[in-house]
Amino acid sequence: MTSQIQLEQVINGLNLDLSWEYAAMIQYIQHTPVCSRAPEYTAVIDELLEHAQEEHEHAVVLSDLIQYLGGIPTVEVANRLTSLNNVEMLRQDLQVEYDAIRRYLQRIEQLEALQLYDSAQKIRNIAVVEQEHAIDLEKALGIQKVQSGTVYPFSHNP
Ligand SMILES: [Fe+2]
Ligand SMILES: [Fe+2]
């Protein structure tokens, strides 16, 4: 595969990522007021709005990067999901984050294969923020990944 074809593939991929950043931003903006005002969700609501602002920043970084690599940034918006149930809504947001992380790791590989390490670094920075978003949502949903039996209690008798 020539590097020109590889470059076109990565630009297409970055445009897909951009359409999902737009979608994530819209989804978070819509979820923030719809999320019910139960006391246990107060901190979560603030986080959703913060995520929306960071997805906006990611969209700007991706648009600049696509243009820098010779592409035209898309105006397409990927699919958005909503719900009137808080847990369902947070699960929708978490799935968007997991999907984003998976795509960005693939994008880093593609960019590094073209020796575009500076561009890969920009995507790495975004991926780290998406991981933080996923951690916030996992905590809000009470998702515990540690398997029972793998954690040993601290002993008081050394
Ligand atoms: Fe993002
Ligand atoms: Fe995110």
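**Figure 1. Overall fold of the predicted model, a protein chain with 4 helices and 0 strands.** The model is predicted, and from the N terminus on its elements run α-α-α-α. Along its principal axes, the C-alpha trace spans about 60 × 45 × 20 Å. The protein chain has 158 residues, of which 28% count as buried.

**Figure 2. Helix α1 and its buried residues.** Helix α1 covers residues 3-34. The helix has 32 residues and reaches 46 Å from its first C-alpha to its last, close to the 46 Å expected at 1.5 Å a residue. Its buried residues are Val 10, Leu 14, Asp 17, Leu 18, Trp 20, Glu 21, Tyr 22, Ala 24, Met 25, Gln 27, Tyr 28 and His 31. These buried residues pack against α2 and α3. Gln 4 is also placed in α1, but this residue is exposed, because 9 other C-beta atoms lie within 10 Å, and the cut-off for an exposed residue is 12 or fewer. Between the C-alpha atoms of Gln 4 and Leu 84, which are 80 residues apart along the chain, the separation is 46 Å.

**Figure 3. Helix α2 and what covers its buried residues.** Helix α2 comprises residues 42-68. With 27 residues, α2 reaches 40 Å from its first C-alpha to its last, close to the 39 Å expected at 1.5 Å a residue. Buried in α2 are Val 44, Glu 47, Leu 48, His 51, Glu 55, His 58, Ala 59, Leu 62, Ser 63, Leu 65 and Ile 66. The cover over these residues includes α1 and α4. After α2 comes Gly 70, which has a positive phi near 100°.

**Figure 4. Helix α4 and its packing against α2 and α3.** Helix α4 (residues 117-141) has 25 residues. From its first C-alpha to its last, α4 reaches 35 Å, close to the 36 Å expected at 1.5 Å a residue. The buried residues of α4 are Ser 119, Ala 120, Lys 122, Ile 123, Ile 126, Glu 130, His 133, Asp 136, Leu 137 and Ala 140. They pack against α2 (42-68) and α3 (86-113). Gly 142 follows α4 and has a positive phi, near 70°.

**Figure 5. The contact of α2 with α4.** The axes of these two helices cross at roughly 165° and come within 11 Å. This angle makes α2 roughly antiparallel to α4. The passage of α2 by α4 is a left-handed crossing. On the α2 side, the contact is made by Val 44, Glu 47, His 51, Glu 54, His 58, Val 61 and Leu 65. On the α4 side, it is made by Ser 119, Lys 122, Ile 126, Val 129, His 133, Asp 136 and Ala 140. Divided by class, the contact has 6 nonpolar, 4 polar and 4 charged residues.

**Figure 6. The packing of α3 with α4.** Helices α3 and α4 pack at an angle of about 160°, and their axes are 8 Å apart. The two helices are therefore roughly antiparallel. The crossing in which α3 passes α4 is left-handed. By class, their contact has 19 nonpolar, 3 polar and 8 charged residues. Asp 99 is placed in helix α3 and counts as partly exposed, because 14 C-beta neighbours lie inside 10 Å. Asp 99 and Glu 130 are 31 residues apart in sequence, with a C-alpha to C-alpha distance of 9.7 Å.

**Figure 7. Gln 115 in the loop between α3 and α4.** Most residues other than glycine have a negative phi. Gln 115 is not a glycine, yet its phi is positive, about 60°. Gln 115 counts as exposed, because 10 C-beta neighbours lie inside 10 Å. The loop that holds Gln 115 lies between α3 and α4, the two helices whose axes are 8 Å apart.

Methods. Residues are numbered from 1 along each chain as its sequence is written. Chains are lettered from A and ligands numbered from 1 in the order in which they are written. This is a predicted model: local features need pLDDT of at least 70, side-chain atom pairs count only at pLDDT 80 or more; totals for chains, interfaces and linings use all residues. The expected span of a helix is 1.5 Å times one less than its number of residues. A residue is buried if 20 or more other C-beta atoms lie within 10 Å of its own, exposed if 12 or fewer, and partly exposed in between; C-beta atoms are placed from the backbone. Two residues are in contact if their C-beta atoms, placed from the backbone, lie within 7 Å. Axes are lines fitted to C-alpha atoms, for helices over the stretch in contact, and angles run from 0 to 180 degrees between N-to-C directions. Angles under 35 degrees count as roughly parallel, over 145 as roughly antiparallel, 65 to 115 as roughly perpendicular and the rest as oblique. A crossing is left-handed if the near helix is turned anticlockwise from the far one by less than a right angle, and right-handed if clockwise. Ala, Val, Leu, Ile, Met, Phe, Trp, Tyr, Cys and Pro count as nonpolar, Asp, Glu, Lys and Arg as charged, and the others, Gly among them, as polar.
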